[in-house]
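User: I want to learn how labels get attached to a protein model. Please take me through them one by one, with the value and the rule each time.

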Amino acid sequence: MFNVSNKIWLLWRSGFHFAVLHNSEQFLHVMMAHNSWSNVGVATFIYAKCTRAERRSLWSDLVSMADTAGRP
């Protein structure tokens, strides 16, 4: 599995299952499970742009995701 910019790749062993929740140029947000787990997990993998200006969309997207997830 890889993100839209092809800069973040996820490789896994058998028994793992992933569902993409958000696929962005600078991050990949996934729900993951394993056959031996009783719960699912959520992870965000980031490959940020070099300049502050280019990272603004990344921060905006991450804040939006946190608000949607019910941040304290």
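User: Why is Lys49 called partly exposed?

Analyst: Lys49 has a relative accessible area of 26%. Buried means under 20%, exposed means over 50%, and partly exposed is in between (1.4 Å probe, protein chains only). The value of Lys49 falls in between, so Lys49 is partly exposed. A word on the origin of these values: this is a predicted model, where local features need pLDDT of at least 70 and side-chain atom pairs count only at pLDDT 80 or more, while totals for chains, interfaces and linings use all residues. Residues are numbered from 1 along each chain as its sequence is written, and side-chain values use heavy atoms, with hydrogens and water left out.

User: What makes the elements of this protein helices and strands, and how many of each are there?

Analyst: They are DSSP runs, numbered from the N terminus: a helix (H or I) needs at least four residues, a strand (E) at least two. The protein has three strands and one helix. Along the sequence the pattern reads β-β-β-α. Take H1: its run is 52-68, so it passes the rule for a helix.

User: How do you know that E1 and E2 pair?

Analyst: Two strands pair if DSSP finds at least two bridges between them. E1 (residues 16-23) and E2 have seven bridges, in the antiparallel sense. Seven meets the rule, so they pair. Phe16 stands opposite His34 in E2. A hairpin of three residues links E1 to E2.

User: What about E2 and E3: which way do they run, and how many bridges join them?

Analyst: They run antiparallel, and six bridges join them. That passes the rule as well, so E2 and E3 pair. His29 faces Thr44 in E3. This hairpin has six residues between its strands.

User: What makes the link between Glu25 and Lys49 a salt bridge?

Analyst: A salt bridge is a side-chain nitrogen of Lys or Arg within 4 Å of a carboxyl oxygen of Asp or Glu. For Glu25 and Lys49, the N to O distance is 2.8 Å. That is within 4 Å, so the label holds. Glu25 lies in the loop between E1 and E2 and Lys49 in the loop between E3 and H1, so the pair ties together parts that are 24 residues apart in sequence. Side chains of opposite charge can pair when their charged atoms come close. The search of the whole structure finds one salt bridge.

User: Why is the link between Lys49 and Glu25 also a polar contact?

Analyst: A polar contact is a pair of N or O atoms within 3.5 Å; within protein, one must be able to donate a hydrogen and the other to accept it, and residues adjacent in sequence count only if both atoms are side-chain atoms. The side chains of Lys49 and Glu25 are joined at 2.8 Å.

User: Which residues does Lys49 contact, and what is a contact?

Analyst: Contact means heavy atoms within 4.5 Å. Leaving aside neighbours within four places in sequence, Lys49 contacts Glu25, Gln26, Glu54 and Arg55. Asp67 lies in H1. The C-alpha atoms of Asp67 and Lys49 are 23 Å apart in space.

User: Is Ser24 buried or exposed?

Analyst: Ser24 is at 11% relative accessibility. That is under 20%, so Ser24 is buried. Ser24 sits in the loop between E1 and E2. Apart from residues up to four places away in sequence, Ser24 touches Asn3, Val4 and Asp61.

User: What makes Val40 exposed?

Analyst: Val40 has a relative accessible area of 53%. That is over 50%, so Val40 is exposed. Its place is in the loop between E2 (27-34) and E3 (41-46).

User: Why does Val40 count as part of a patch?

Analyst: Patches are made of residues with over 30% relative accessible area and no salt bridge; like charges are joined within 9 Å, nonpolar side chains (Val, Leu, Ile, Met, Phe, Trp, Tyr) within 5 Å. Val40 is at 53%, so it passes the 30% rule. Leu21, Met31, Val40 and Val42 form this nonpolar surface patch, with about 340 Å² of accessible area together. Accessible areas come from the Shrake-Rupley method with a 1.4 Å probe; for residues, only the protein chains shown count as cover.
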